[in-house]
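Here's a quick briefing to read alongside the model. Have the sequence and the 3D view open as you go.

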Amino acid sequence: VQLQASGGGVVQAGGSLRLSCAASGFSGYAMAWFRQPPGKEREFVAYISMSGGTTYYADSVKGRFTISRDNAKNTVYLQMNTLNPEDTAVYYCAATFRFGILTMNSDYIYWGQGTLVTVSS
């Protein structure tokens, strides 16, 4: 069972990035993105159900970020637009077999290794 996150990098404020999270070794799961800003605790960013029919976002990213998935590729994406320096963080993807819109770290059992996003002003 493995989650591999990628796509992080350095971008100027107002720019865009797309993160990817490839899953292997399991299927039939809901996914989420979390992030951990420097010196802060890890926080929820976005959720997507197993089918992709339900999504949910933290207020801080609503309207700027879009989570999506391609189940044929076992991959989840996070399109991030209009980035600002407050979005600087290590971004983690996570997976769960539980049902419902889940926003707590403890709801997820599988985690990727994290990918760093740095937004310069």
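This is a predicted model: local features need pLDDT of at least 70, side-chain atom pairs count only at pLDDT 80 or more; totals for chains, interfaces and linings use all residues.

Residues are numbered from 1 along each chain as its sequence is written, and side-chain values use heavy atoms, leaving out hydrogens and water.

**Overall build**

- The chain has eleven strands and zero helices, going by DSSP runs numbered from the N terminus (helices are H or I, at least four residues; strands are E, at least two).
- With a radius of gyration of 13 Å against the 14 Å that the globule rule gives for 121 residues, the chain is as compact as a globular protein of that length. That radius is taken over C-alpha atoms, and the rule is 2.2 Å times the number of residues to the power 0.38.
- Along the principal axes, the C-alpha atoms fill a box of roughly 40 × 25 × 25 Å.
- Of the 121 residues, 45% are buried (buried means under 20% relative accessible area, exposed over 50%, partly exposed in between, with a 1.4 Å probe and protein chains only).
- Among contacts (heavy atoms within 4.5 Å) with a separation of 6 or more, 56% come from residues 24 or more positions apart.

**The disulfide**

- A search of the whole structure turns up one disulfide (a pair of cysteine sulfur atoms within 2.5 Å).
- The partners are Cys-21 and Cys-93, with their sulfur atoms 2.1 Å apart.
- This pair ties together distant parts of the chain: Cys-21 belongs to strand β3 (residues 17–24) and Cys-93 to strand β9 (residues 89–96), 72 residues apart.
- The torsion about the S-S bond of Cys-21 and Cys-93 is about 65°, so the disulfide is right-handed.
- Both Cys-21 and Cys-93 are buried.

**Loop residues**

- Most residues other than glycine have a negative phi.
- Asn-74, in the loop between β7 (65–70) and β8 (75–80), has a positive phi near 50°. Its relative accessibility is 25%, so Asn-74 counts as partly exposed.
- Thr-82 also has a positive phi near 50°, and is found in the loop between β8 and β9.
- Ser-49 lies in the loop between β5 (43–48) and β6 (55–57). Its relative accessible area is 11%, so Ser-49 is buried.
- Leaving aside residues up to four places away in sequence, Ser-49 touches Ala-30, Thr-54 and Arg-69.

**A strand residue: Gln-79**

- Gln-79 is part of strand β8 and, at 26% relative accessibility, counts as partly exposed.
- Not counting residues up to four places away in sequence, Gln-79 touches Ser-16, Leu-17, Arg-18, Arg-64, Phe-65 and Thr-66.
- Gln-79 and Arg-64 are 15 residues apart along the chain, with 8.3 Å between their C-alpha atoms.
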